[in-house]
Amino acid sequence: LWRRRNVHQVRDLWAQMQENKVKPTAITIGCVVEALVINRRGEEAWQLVQEQLRCEDRKSMINTVVYSTVLKGFAVSKRIDKVLSVYKEMRSNSIACNTITYNTMLDACAKCNAMEKAAQLLEDMKELNV
């Protein structure tokens, strides 16, 4: 569904779930975020994550995988400002970063000619034994 670039159908399904008061799982949220990111809708994916974070019963579903997917979207779009902003939020929300998360951010630094930002990421990795 989402790999065929049918973003409208993904949005419609999400809207139907909300209308019918179907509580999404972390996997559902992750799939919708992934669908948006794959279709170059990183900002929309980020907005969806922010909406979920405002819902007390969904907040815990926003995990490392979901955040890493959002990071990937901003990295592909060469939005280093957004990559670092998401990373900062992850840290402030005590969401653990893994090697995939850091590799995504380091790759974004390289592709955005922002290697000066990579030094702090490497230091954080060292500090956290990643």
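Visitor: At the start of α6, which backbone nitrogen does a side-chain oxygen of N98 reach?

Guide: In this predicted model, the side-chain oxygen of N98 comes to within 3.0 Å of the backbone nitrogen of I100 at the start of α6. At the other end, α6 is followed by N113, a residue whose phi is positive, near 50 degrees.

Visitor: How many residues does α6 have, and what span should they give at 1.5 Å a residue?

Guide: The 13 residues of α6 should span 18 Å at 1.5 Å a residue, and because the end C-alpha atoms are 18 Å apart, the expectation and the model agree.

Visitor: Where do K111 and D107 lie, and how many residues apart are they?

Guide: Both lie in helix α6, 4 residues apart, which is about one turn of the helix. K111 forms a salt bridge with D107, with 3.1 Å between the closest N and O atoms. K111, at 48% relative accessibility, counts as partly exposed, and D107 is partly exposed as well, with a relative accessible area of 35%. Elsewhere, salt bridges that share partners join E43, R79, D81 and K82 into one network. Within that group, D81 forms a salt bridge with R79, the closest N and O atoms lying 3.3 Å apart; D81 is partly exposed at 46% relative accessibility, and R79 is partly exposed with a relative accessible area of 31%.

Visitor: How many salt bridges does the structure hold, and which helices hold R11 and E44?

Guide: The structure holds 7 salt bridges, and one of them joins the side chains of R11 and E44 at 2.7 Å, N to O. This pair links distant parts of the chain, with R11 in helix α1 and E44 in helix α3, 33 residues apart. R11 is partly exposed, with a relative accessible area of 29%, and E44 is also partly exposed, its relative accessible area being 24%.

Visitor: How is a pair of aromatic rings described, and how many aromatic pairs does the count come to here?

Guide: In general, a pair of aromatic rings is described by the distance of the centres and the angle of the planes. Here the count comes to 2 aromatic pairs. The rings of W46 and Y67 have centres 6.3 Å apart and planes at 55 degrees, so this pair is tilted. It links distant parts of the chain, W46 being in helix α3 and Y67 in helix α4, 21 residues apart, and both W46 and Y67 are buried. The pair formed by Y87 and Y102 is edge-to-face, with 5.9 Å from centre to centre and 70 degrees between the planes. Since Y87 lies in helix α5 and Y102 in helix α6, that pair ties together parts that are 15 residues apart in sequence; both Y87 and Y102 are buried.

Visitor: What is Y67 in contact with, leaving aside its neighbours within four places in sequence?

Guide: With those neighbours left aside, Y67 is in contact with W46, L53, I62, V86, E89, M90, N93 and I95. Y67 is also among the residues with the most contacts inside the largest nonpolar core, together with V33, V49, V83 and V86; that core has 40 residues. At least two residues of the core come from each of α1, α2, α3, α4, α5, α6 and α7.

Visitor: Which residues of α2 are buried, and what covers them?

Guide: The buried residues of α2 are I29, G30, V32, V33, E34, A35, L36 and V37, and what covers them includes α1, α3 and α4. After α2 comes R40, whose phi is positive, near 60 degrees.

Terms used. Residues are numbered from 1 along each chain as its sequence is written. This is a predicted model: local features need pLDDT of at least 70, side-chain atom pairs count only at pLDDT 80 or more; totals for chains, interfaces and linings use all residues. Side-chain values use heavy atoms; hydrogens and water are left out. Buried means under 20% relative accessible area, exposed over 50%, partly exposed in between (1.4 Å probe, protein chains only). Contact means heavy atoms within 4.5 Å. A salt bridge is a side-chain nitrogen of Lys or Arg within 4 Å of a carboxyl oxygen of Asp or Glu. A nonpolar core is a set of buried Ala, Val, Leu, Ile, Met, Phe, Trp, Tyr and Cys residues joined through side-chain atoms within 4.5 Å. The expected span of a helix is 1.5 Å times one less than its number of residues. A polar contact is a pair of N or O atoms within 3.5 Å; within protein, one must be able to donate a hydrogen and the other to accept it, and residues adjacent in sequence count only if both atoms are side-chain atoms. Rings of Phe, Tyr and Trp (its six-membered ring) pair if their centres lie within 6.5 Å; planes under 30 degrees apart count as stacked, over 60 as edge-to-face and the rest as tilted.
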